[in-house]
Amino acid sequence: MSREILALVEALASEKNVNEDVVFEALETALGIAAKKKADREQMDLEVRINRETGEYTTVRKWLIVEDLDYTYPELEKTIEQIQEEIPGIEINVGDYYEEDIPNEAFGRQAAQTAKQIILQKIRDAEREQILNNFLAVREDIVIGTVKRVERHGIIVEIAPKLDALIPREEMLPRENYRGGDKIRALFWKVEEFNGGRKQVMLSRSSPEFLRKLFEQEVPEIKDGLLEIREVARDAGQRAKIAVHTNDQRIDPQGTCIGVRGSRVNAVSNEIGGERIDVVLWSDDTAQFVINALSPAQVSRIVIDDETNSVDVIVAEDQLALAIGRGGQNVRLAAELTGLQLNIMTLQEAAERNAEEEAALRDLFMSQLNVDEETANALVAAEFTSIEEVAFVPVEDLLEIEILTPETAETLRITAREVILQTELEVAEKLNNIDEDLKSLDNVDEDMLRDLADANITNRDALAELSIDELIEITGVSKDEAERVILVARAHWFAEDNAE
C-alpha cells in the first residue's frame, strides 16, 4: 500500500501541476474521513498521517484534556486523572491533546471512492489557488475579460484561462447590458474569501477609481507624471467630475485631458456608457476649488466656515438651477469632489439670511451688553460677531467705531467680560449637577457635557433614553458619533438583562 500511495501522489502532482504536499494533505483528509465512516467513528477526532518518505500511514485518535468531564463530548474529551490512570506518570495539561495510535482500517470500494472525490476537490482548489496567484502576480489595475454569463447577482467574466471574476450588480453601470462572449473592461477591485476558503476575484465598473485608471490609460501625460488627477467624484453611468492639476506649467491640464475636439474625454465616456465627465482645475485655494467644482455654474460669492467644514455658495437667480443640477447632481458631485458641505443660495436668500443674522446679533448685543440700538448696529457694522470678540479685542479696534468714546469702549469690554464670566459660572454650576457616571462615559467630552447640561440631561439613564436624532439636535454631533454615545450610555441596560 505504501508504494501505491507514493506512486499515486507523484502521478497526481505531475498531472495537475501542483505541489506533492497538496496531494499528501488531500489524501490524509480523505483517508481520515473514510476511516471514520468505515469504522463507524463519526464522533471521534481522527487523523491519518502519511510518511512523506516511505508512504506508510498511521491513524491517530485525539483526546482533548479537560478539567471536568461533563460527558457532553465523551468521545472527544478526557480528564488528566483518566489519562494518568491509563499511563501513570504522564505529564499533561488541560487544553493539551493526548494522542493514541489505533489500527489502520482496510478501505473498500466505497471508502476509496470517497477518498478519490476529496482528493480531486483538494487538487482543484489548489489548482485554482495557483492560477489566482499567477494572475495576481501580473495583473493590471484595469482587467479585460470575456463575459461568460449574466446572472441575477452580476456578471461572470473570464479574465484568464480557468479563472473567472464577478462584477456584482451594484458595481455595474445602470442600464448596461452584456451577453455571453462580449469583451468587457473593469477595475480590479479585490479578492473576496467566502465560507470554506473559496476565493473570488471581484471587479467594478462603477468605482471612481475605474474612471481615474481609464484616464491614466488614455492620457500619457498622467502616466509620465506631468499631470495628476487629484480627486474624482462620480454618479456612475450619469455624470462625473475629475479635478486635475499640472506639475508642468507649460501644460494645460484641462485641455490635455479633454483632447483635440474632446477625443480623450469622449473615449473614456464611451467606455462607461456615455457618462458625462466634467474636467475641472484643482486648486489648493478652497474658495477657487469650490468655484471650479461647481462649473459650469457661475458663482457670485462664497463664505467658508472652517469650524463646520461647510461653504455657503451665493449665485445669481439664473444660475441657481445650473449650480444645483438635475436632482441636485451638480452640487452633490462638487461637494464630494471638494470634501465640503456646499449650501447653495441666491443673492436674495443670502441677503435675507444676513439680515436675520444681523438682527439676532443686534438683539444679543442690546440684551447682553446693555447698549442702545445705535451702538448695537455700529458693532454689527464693524463685523463683531460675538460677546467674546467685544471682550478681548484691543481697545483700539473698538475706537475705530466713530460713535464710541474711549470711556464707552472700555465699559463695553468690562461688561462683555462680566457676561462671559457669569455664563461660565452658570455652566460650571450645571456641570456640577451632572452625575459622575455620565461624566465618565467614553466619547462624552466637555463640550457635549455642556450641551447636555443646558438640556437638563444630568445622568446616564437620561442620556440613554434619548433618540439619536434628539442627541444630534442637542449637541450637533454627527450621526455616527451620536450612535456610539447612545450605545455606550445604554450598555448597562443590556448587561443587567443578561445578568437576569
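**Close-up views of a predicted model**

View 1. With a relative accessibility of 14%, aspartate 248 counts as buried, because buried means under 20% relative accessible area. In this predicted model, aspartate 248 forms a salt bridge with arginine 250, and the closest N and O atoms of the pair are 2.8 Å apart. Arginine 250, by contrast, counts as exposed, at 76% relative accessibility.

**View 2. A salt bridge between arginine 205 and glutamate 176.** The two side chains meet with an N to O distance of 3.2 Å. The pair links distant parts of the chain, since arginine 205 lies in the loop between strand S9 and helix H5, while glutamate 176 lies in the loop between strand S7 and strand S8, 29 residues apart. Both arginine 205 and glutamate 176 are buried.

**View 3. A salt bridge between arginine 185 and glutamate 271.** Here the closest N and O atoms are 3.5 Å apart, and the pair joins strand S8, which holds arginine 185, to helix H8, which holds glutamate 271, across 86 residues. Arginine 185 is partly exposed, its relative accessible area being 23%.

**View 4. The hairpin of strands S10 and S11.** Strand S10 (residues 227-235) and strand S11 (residues 239-246) pair in the antiparallel sense over 8 bridges, and glutamate 228 has histidine 245 in S11 as its bridge partner. There are 3 residues between the strands, and in this hairpin glycine 237 takes a positive phi near 85°.

**View 5. A patch of negative charge on the surface.** Glu317, Asp318, Glu349, Glu352 and Glu356 gather in this patch; one of them, glutamate 356, lies in helix H12 and counts as exposed at 56% relative accessibility.

Methods. Residues are numbered from 1 along each chain as its sequence is written. This is a predicted model: local features need pLDDT of at least 70, side-chain atom pairs count only at pLDDT 80 or more; totals for chains, interfaces and linings use all residues. Side-chain values use heavy atoms; hydrogens and water are left out. Patches are made of residues with over 30% relative accessible area and no salt bridge: like charges are joined within 9 Å, nonpolar side chains (Val, Leu, Ile, Met, Phe, Trp, Tyr) within 5 Å. Accessible areas come from the Shrake-Rupley method with a 1.4 Å probe; for residues, only the protein chains shown count as cover. A salt bridge is a side-chain nitrogen of Lys or Arg within 4 Å of a carboxyl oxygen of Asp or Glu. Lys and Arg count as positive and Asp and Glu as negative; His and the chain ends are not counted. The place of a charge is taken as NZ of Lys, CZ of Arg, CG of Asp or CD of Glu. Helices (H or I, at least four residues) and strands (E, at least two) are DSSP runs, numbered from the N terminus. Buried means under 20% relative accessible area, exposed over 50%, partly exposed in between (1.4 Å probe, protein chains only). Two strands pair if DSSP finds at least two bridges between them.
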